[in-house]
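Q: Could you take a close look at one part of this model, working from the overall make-up of its chain down to the detail? Please spell out the criteria behind each term as you go.

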Amino acid sequence: MASSRTALRDTGREAAINAGRVAVALFLVVIALGVLSYRYYSLQIVEYERFLTQSDRNRVRLEAIPPKRGLILDRQGRLLATNIPSHRLSIVIERVSDLDALIKDLGALVELDENDLDSFNERRNRRRPYATVPLKLQLNDHEMARVGVNLHQLPGVAIEAQLTRHYPHGDLLSHVVGYVGRINESEASQIDEQSYRGTLHIGKVGVEKRYESVLHGKVGYQNIEANAHGRVLRVLDEESPSDGADLQLHLDLDLQRAAYDALGDQRGAVVAIDPSNGGILALVSNPSFDGNLFVNGISSKDYSALRDSTDTPLLNRAVQGQYPPGSTVKPMIGLAGLELGLVTPDTTVADPGWYQLPGDSRRYRDWILRIRGTGHAPNVDLRMAIAESCDVYYYDLARRMGIDDLASSLEPYGFGVRSGLDITSEQPGILPSTRWKRSRFDKPWYPGETLSAGIGQGYMLATPLQLAQATMVMANRGDSFVPSIVRRIGDLPVEGVSRPKVMASDDHWSAVIAGMMDVVHDRRGTAAAIGRNLPYTVAGKTGTSQVIGIAQDGVYDEDEIDERHRNHGWFIAFAPVDQPRIAVAVLAENGGGSSAAYPVARKVMDAWLLGASNAEESDDG
Amino acid sequence: MADYERVLHDSHRDLARGKTFAERLHLDLMLLLPLLILMVGGLVVLYSASSADWGTVGRQGRNQMVALVAMLVVAQFRVETYRRWAPIIYFLGLGLLVAVPLVGVGAKGAQRWLSLGVVRFQPSELMKLAMPLMVAWWYSRYSIPPRPLPLLGSLLVVVLPAALIVIQPDLGTSLLVAASGLFVIFMAGVSWLYIAAAVVLFVASVWPAWLFLMKDYQKQRVLTLLDPESDKLGAGWNIIQSKTAIGSGGWQGKGWLSGTQSHLDFLPESQTDFIIAVLAEEFGLRGVLILLALYLLVIVRGFWISINAQSSFGRLLASAITLTFFVYVFVNMGMVAGILPVVGVPLPLVSFGGTSMVTLMLGFGILMAISTEKRVIKS
């Protein structure tokens, strides 16, 4: 067949063409295989070391082990601040393809507020590659369950175990212990980044802030093998962290609670000091707040409620609140009068119920005038002037003493300067003098202002802490200590720091203290109401400080005055008088007068001197 | 029609000869052996890549069984049957490709699948075989080397499905499908002049294509290839991790089941497209070279079958299928090693997955059909 032959001839030629092309193709294949081989050779042989290192770096990660924050305990070892296990929600950003979408998804599972997102973005900027970045610091059980169930659909999301600070007593101790909160941007720039690696919280106020360095501890490290999702598979080696030191406070939980309960709804403060070493036994500022709210970021609603409350619960009245001390300074001024030789215990002053400066028609009224229409007695001596809080006696003494001697005699008690108490935000108060007024207002001192200063009014301001400190000095007949909260750091006792002794003769101390005892134990004493059935001796002093000025012959009528403008009530006391074991200062803000304060002090002293917690008390000084 | 007559002649002659078992089953042992070694080796690597998951290995074993059976079935047909059916298969594939944008199922922003009840099916996968069949059929009807007009016709045959796949969009598959057709044209002896012209045209069109045709994600893949460090955590992640896996394997490898990159999940797609990185990490360059040698055996045998084929159709088809197979190897290993852009091409016979396994083995089945065709007596 012709067609067949043609086909055969064609077939031969076509086969030859094909064979040629196959040879070319094979040649190209061999070249391409050579290229591949060379590529794998250069990766696996030439760059072997580099890639091996990189693969190890992938695999092995140095991770910080945050130290456990030190506990805070009361003097009997009861927990005031502790750490509880909890869970947080974190993200390995490198494993997430669409972060915004992921956060939106997570928002459906857990509650995420702006705080969480802001902190997340801030931490994100400081993260290391492949490290987990916390998004929400505390998950509740429901959120845990919801995220846990969906975890497999959420690449890059991790639930991490952690310890969270917890304050078991809520409102009770927030003004002493303070609280921790999330490290913010400015704190982040100040702390040592290395030692805070893996730590999310830092002390914000109070003991938590003041003792941050010892509570925090030392960070540890571990080399871990982790997979690409950040899951730890194996710990290769480890350097253990040193946990923060536990702090034991002088503070007694029962006494603190007694003081807190005694204040009740009364705005104010109580500071109780151990006169033997200056240790703070109780420190209450009322109202208070729950420090736990701040630990993982307080909601803006909660925060504005605290911030905007007219009761200012965030203000620590005990150390930040500055009030005119009123008559509580009379014992110290009286002692100064004795020491300066201006008066003797027997010196008397005529008391018509008011006082006039020579050549001045203005009458300086005694508080008793409004009640009795006359003075305390025709002639008043020091003991009576203290017991009944006679203003006229002190107008006269202050005038003769002069403001500068008055100021310098009060200064050793700690007025006008920060005490150095080991918590934050303490205010110094004001101890006025001619020099002070000159520098503050560029004005001369007027004689009338000396009279106000003589009864603790006018420019003078003091914190409840300062008055408690001064009371401690009275109790110790001159011996003084820097007030302190912390009693032990770890196993090391913190020694009380002595302050210069207030020097006065024994007779003078006795004379003043006799007056202070009359305040409580004499039926005419201004705090006689708490003197009934007292099983121990108390030396005290009441005080009332004006919130608004009363016109020359104006009358202070409690019922007509806005509650916020009512007088502050004070009471300071120490007991037992022979062997003082507690010195206390109570402020009743807008309490109307000292009658709002001294019952509180009585309850505090009862709790300390009669309460069960006191039985096994011993000092390890 | 000439080929048809020869085959008739031949079959009569062969009836008399005694047949081995392999011949009876139309098996080409020289081809089958490296394929089986690759498959078994693939299971070994997959066992490690799946973190010792027998379930995955079992499923892949089942895929291999299905593929072997498919190969066996396909090997039984006469080459002439394929030649006759080529246009039908081609137009069926073309029709399905047209159907994809109309009734197809989307995944990751691309419509590539047709749903046939329980089985989802990619028409582009069918095209990988239909294309060389069709172009080989074309040149079985025209003289070789091709004259300009038939050449233009064959180019149209190549471009139509490629264009349909591009718009899915799936540029990588489209290029591979087109390549399988172009290889036939190459094997048909198209003039080097035309080839040179095509290369020049291709190079010249790269820039306009970059500007006007390529999608952002495609550009991203190319950019990532050029500088993976530029996007360490995004598109560059895969390449950096796969290169790290390969490089850290060294000459000896870290040992089976001991590859940290894959076992710690740093390696993406370690069971499918990136499985070569697991092999390279755990078995080192030694393992890679053995793998390449096995592939080379398959390719050499494929070309041998082509050269010894009885018809022009068989020769063109066998060499094109073989060359396409190699291109898959090259593209996959090149992309994982960071010298080619990342496209979705599995490592032939080793990567986990049923579709590509079956498609490849169907191709080898056709090779075996060609290989075991009756000899022609020179008349």
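A: Chain B contains 15 helices and 3 strands, where helices (H or I, at least four residues) and strands (E, at least two) are DSSP runs numbered from the N terminus. This is a predicted model, in which local features need pLDDT of at least 70 and side-chain atom pairs count only at pLDDT 80 or more, while totals for chains, interfaces and linings use all residues. Residues are numbered from 1 along each chain as its sequence is written, and chains are lettered from A and ligands numbered from 1 in the order in which they are written.

Of the 379 residues in chain B, 48% are buried, a class that requires 20 or more other C-beta atoms within 10 Å of a residue's own, with C-beta atoms placed from the backbone. Where contacts in chain B link residues at least 6 apart in sequence, 71% of them join residues at least 24 apart, a contact being a pair of such C-beta atoms within 7 Å.

The part to examine is helix α13 of chain B, which covers residues 275-307. Although α13(B) has 33 residues, its end C-alpha atoms are only 33 Å apart, whereas a straight helix would reach 48 Å at 1.5 Å a residue; that expected span is 1.5 Å times one less than the number of residues. Within α13(B) there is also a kink of about 125°, centred on B:Phe283, the bend at a residue being the angle between axes fitted to the seven residues ending there and the seven starting there.

Methods: A residue is buried if 20 or more other C-beta atoms lie within 10 Å of its own, exposed if 12 or fewer, and partly exposed in between; C-beta atoms are placed from the backbone. Two residues are in contact if their C-beta atoms, placed from the backbone, lie within 7 Å.
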